[in-house]
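Here is a short briefing on one protein model. It covers packing, cores and a few loop residues.

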Amino acid sequence: MWKLLVKELERPRDKRPFGSGWISGTLSILAGITAFCLIAIRAFPETFTMPEFAGVHAKDYSTIALRVVLAIGYGLALLSLLLDRRKVLGFFGLALAVIGALLSSVDAEAIGISRQSLYFGLDYFVINVIVIGFLFIPLERFFPHKGDQTVFRPEWEEDLFYYLVSSMLVQILSFLTLAPANFVNTSFDLTDIRTYIGGLPFVVQVIIIMFATDLVQYWVHRIFHTVPFLWRFHSIHHSTKRLDWLAGARMHFLEIAILRGLTAVPMFTLGFKAEAIQAYLLVVYFYSSFVHSNVGWNLKFVERWLVTPRFHHWHHGSEREAIDINYAVHFPLFDWLFGTYHLPENKWPDKYGVAGEDVPRGYWRQFIYPFQKKKITPGE
Ligand SMILES: [Zn+2]
Ligand SMILES: [Zn+2]
């Protein structure tokens, strides 16, 4: 393996012209090595840095530097994989970036950054993209539903920006998210139920959180589909014409705040243990990417009980039979109970998106879209 790597790195000059993936591949490996040095410095600050730089501030800066380096290495590795037929350099660069990201997240916990914020996945944009992307990009490639769809499908930049923005606005979002739950906690005395739930086994608590949040999510989601003013916000989430692991990130800021705030109420008021909440957040973090992903697995044995990509893809379908169905994100049971269940055997929707509406392209245009006066299109 090393011989192969060295051979690729020492490829003759005439065999590595601009655009052959050699430069990006080599630089991605360099970025990976730099990231490992930064991780080592962070882990053993006394050994590697002068005492006066070993304080908290140095750690903050090195964290930022580390994330930037990891992101650059990851991007370059992907570029090299696209360009280079042999893919050796890109593969090594990618492996370094992923291992680096995992190591750095372990380290972040060790130095006391709260696990909660990690699992909320908001201030860890780079690591999120790398870990989730590394998991889903190969899955979508090897088991695709739509085989002709590539990683860099149209409008991927927009969706990556959505991902970035919700990472950057962590403070505002967590404040808004916890506001309704705080209100409930200060207005009602839930001591009895809190004591009862807090005493249940861990797994049972996680399952109850899933049921409770999905029940709230079901109705909030359904109201977003039914009330015309709210639909204008939610139509942004539905505007994507191609679904993959990144597509679920597309959601209007206001909708994120409302949806997260209301679904968080049972989670933060009913006395669940912190570990159960963290486990749920970790589950949901992968699960929401999964249900949007372009993974075409046949999951017949579970799809009646748990939401699968096919179930949620139907929710995004633009044909008539796919309108206003499958609101649940964990348990199809709720759609079955409330009369919105639709899952034809072995069939996927033909097209995704919103029929008859012109949702604009780009984050900022989509941001103001719901507030603008609706243009009447003739013939609608
Ligand atoms: Zn929807
Ligand atoms: Zn969706």
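Helix H12 (residues 228–238) has Phe-233, His-234, Ile-236, His-237 and His-238 as buried residues. Buried means 20 or more other C-beta atoms within 10 Å of the residue's own, exposed means 12 or fewer, and partly exposed lies in between, with C-beta atoms placed from the backbone. This is a predicted model: local features need pLDDT of at least 70, side-chain atom pairs count only at pLDDT 80 or more, and totals for chains, interfaces and linings use all residues. Residues are numbered from 1 along each chain as its sequence is written, while chains are lettered from A and ligands numbered from 1 in the order in which they are written.

**Overall make-up**
- The protein has 17 helices and 0 strands. Helices (H or I, at least four residues) and strands (E, at least two) are DSSP runs, numbered from the N terminus.
- Of its 380 residues, 33% count as buried.
- Take the contacts between residues at least 6 apart in sequence: 74% of them join residues at least 24 apart. A contact means that two C-beta atoms, placed from the backbone, lie within 7 Å.

**Around H12**
- The cover over the buried residues of H12 includes helix H11 (202–226), helix H13 (253–269), H15 and helix H17 (363–368).
- H11 and H12 pack at an angle of about 105°, and their axes are 5 Å apart. Axes are lines fitted to C-alpha atoms, for helices over the stretch in contact, and angles run from 0 to 180 degrees between N-to-C directions.
- H11 is therefore roughly perpendicular to H12. That label covers 65 to 115 degrees; under 35 is roughly parallel, over 145 roughly antiparallel, and the rest oblique.
- H11 brings Ile-223, Phe-224 and His-225 to the contact, and H12 brings Leu-230, Trp-231, Phe-233 and His-234.
- By class, the residues of this contact are 5 nonpolar, 2 polar and no charged. Nonpolar covers Ala, Val, Leu, Ile, Met, Phe, Trp, Tyr, Cys and Pro; charged covers Asp, Glu, Lys and Arg; the others, Gly among them, are polar.

**Nonpolar cores**
- The largest nonpolar core holds 34 residues, and Ala-35, Leu-70, Tyr-74, Ala-77, Ala-97 and Ile-130 touch the most other members. Such a core is a set of buried Ala, Val, Leu, Ile, Met, Phe, Trp, Tyr and Cys residues joined through C-beta atoms within 7 Å.
- Two or more residues each come from helix H2 (22–43), helix H4 (56–83), helix H5 (88–110), helix H7 (125–142) and helix H8 (156–168).
- Domain 1 (2–113) and domain 2 (170–371) each supply at least three residues to this core. Domain bounds come from an automatic or database domain assignment.
- Ala-35 touches Leu-66, Val-69, Leu-70, Gly-73, Leu-96 and Gly-100, leaving aside residues up to four places away in sequence.
- Another core lies apart, with 11 residues, among them Tyr-218, Val-291, Phe-311 and Trp-314.

**Loop residues**
- Asp-84 sits in the loop between H4 and H5. Asp-84 counts as buried because 21 C-beta neighbours lie inside 10 Å.
- Asp-84 touches Ser-20, Gly-21, Trp-22, Gly-25, Leu-89 and Gly-90, not counting residues up to four places away in sequence.
- Gly-19 is 65 residues from Asp-84 along the chain, and their C-alpha atoms are separated by 8.3 Å.
- Asp-324 lies in the loop between helix H15 (309–316) and helix H16 (333–337). Its phi is near 55°, a positive value in a residue other than glycine. Asp-324 counts as exposed, with 11 C-beta neighbours inside 10 Å.
- Asn-326 is in the loop between H15 and H16. Phi of Asn-326 is near 50°, a positive value in a residue other than glycine. Asn-326 is buried, with 23 other C-beta atoms within 10 Å.
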